[in-house]
Amino acid sequence: MTRILVKMPNWVGDCVMATPALALLRAAFPDATIDVLCRPSVAGILQDNPHITTVIAATDKKMPSDIRVQIRHTKYDAIALMTNSLGSAWMAFRLGIPRRIGFDRESRGILLTDKLPYQPLQWTSPTPQPLSRRSIKGTPQPGLPRHMVEYYLDIAHATIAAVGASDISQPLTNYKLVLPLNSEAERKVATLLREAGIMGKLLIGINPGAAHGPAKRWSATRLGHVVDGLYRSDWAFVSTAAPNEKHLNDEVETATKVPIHRLGEKVSLRELPALISRLSVLITNDSGPMHVAAARQVPTVAIFGPTDRVSTRPWEAAYALVNHPVPCSPCFLETCPINHPCMDNIDGYEVAQAALKIIGESGRWAPFSA
């Protein structure tokens, strides 16, 4: 029997974007063992994936000895490295996995048996005025950059070739994000909605958070003003911010007179898709919840600043992209070293109008000064 280990990306949104690659591997190897190795912090988003045999939750650097023994004894034929680090390739080499597939990045090519050439302009929009080492200076090219879903699919295709199976070529539109709901999670979310008294109302989601520092976050105060302006008596506003983002919910609540139902603080990562599936629209930064919404076909108003609106936009579902490109974006910095123009130039009016258009309403939004 074929045995494949997949080293998943380190962040929730990237794990969601890698799910079409898992589906491709399963289609090529219907009877294979396809296990995933991931950080414990993202395991919840993968636990209900039908294409995975086993989720192994462990970090590269501090992997428990019993998990190392388990991986060695499984005798995997190949590992698909969805991560880009030298450390993950070194881990795969030390574990004795014979075929190691991934992009040739971070000086790790010597550790890979099957290398994909990495060309930065294929995956990142060029920046006229670089502010960080992750900025790519160059000339825009038609059709580039490609989406990160394609990045992970390329690794899956290379893994199929390395193991020697027949590849399955499909149009890109056939590759769907895979994020099924857990029935227990659905019941819990239904209970939370009933307890909050908002079952049956039109639910508008807000996501003031985003990982990798504050640069990706639009002003929580402005988001609160948007909520104020959008308010209808038969609508309810649900925050998907996680328990470690309570301070952002506090900022939104300070800026609005409208009740904010902080249900994201009450659900686990495994339960988050069930919560987001209940929304009519999600107003969000570039974040894990944005990609969860895309996978669950929930329309989004996606606010982009220092990250790449082309390579990490929502892959599926209807979305409105709010973005004011500046010469230094995308810079991918966690904290802006100047005055944060890519986010500060975004006005609440356009965010609110994008949400109203998705919902099917027009007008009735009170502009504000911020």
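Analyst: Two strands pair if DSSP finds at least two bridges between them. Strand 11 and strand 12 are joined by 5 bridges, so they meet that definition. The two strands run parallel. This is a predicted model, in which local features need pLDDT of at least 70 and side-chain atom pairs count only at pLDDT 80 or more, while totals for chains, interfaces and linings use all residues. Residues are numbered from 1 along each chain as its sequence is written, and side-chain values use heavy atoms, with hydrogens and water left out.

User: What counts as a helix or a strand, and how many of each are there?

Analyst: Both are DSSP runs, numbered from the N terminus: helices are H or I with at least four residues, strands are E with at least two. On that basis the protein has 13 helices and 12 strands.

User: How do you know which strands lie at the edges of the open sheet?

Analyst: Follow the order of its 6 strands, 9-8-7-10-11-12, with parallel pairing. Strand 9 (260–261) and strand 12 (319–323) each pair on one side only, and these are the edge strands.

User: What joins strand 10 to strand 7 and to strand 11?

Analyst: Strand 7 (residues 202–207) is linked to strand 10 by 4 bridges, in parallel. There, Ile 206 stands opposite Ile 283. Another 4 bridges, again parallel, connect strand 10 with strand 11 (residues 300–304). Asn 285 faces Ile 303 across that pair. Ile 303 in turn has Val 322 of strand 12 as a bridge partner.

User: Why is strand 10 called mostly covered?

Analyst: Buried means under 20% relative accessible area, exposed over 50%, and partly exposed in between (1.4 Å probe, protein chains only). In strand 10 (residues 281–285), 5 of 5 residues are buried. In a regular strand, side chains alternate between the two faces of the sheet. Here Val 281, Ile 283 and Asn 285 are buried on one side, and Leu 282 and Thr 284 on the other. Both faces are therefore covered.

User: Why is Phe 304 called buried?

Analyst: Its relative accessible area is 0%, so Phe 304 is buried. The residue lies in strand 11. Contact means heavy atoms within 4.5 Å. Leaving out residues up to four places away in sequence, Phe 304 touches a set including Asp 286, Met 290, Leu 321, Val 322 and Ile 346. Glu 271 is 33 residues away along the chain, and the two C-alpha atoms are 25 Å apart.

User: How do you know whether the overall radius of gyration agrees with a compact globule?

Analyst: The radius is taken over C-alpha atoms, and the globule rule is 2.2 Å times the number of residues to the power 0.38. For 370 residues, a compact globule would be near 21 Å; the protein has 21 Å, so the two agree. The C-alpha trace spans about 60 × 50 × 40 Å along its principal axes. Buried residues make up 54% of the 370. Among contacts with a separation of 6 or more, 62% come from residues 24 or more positions apart.
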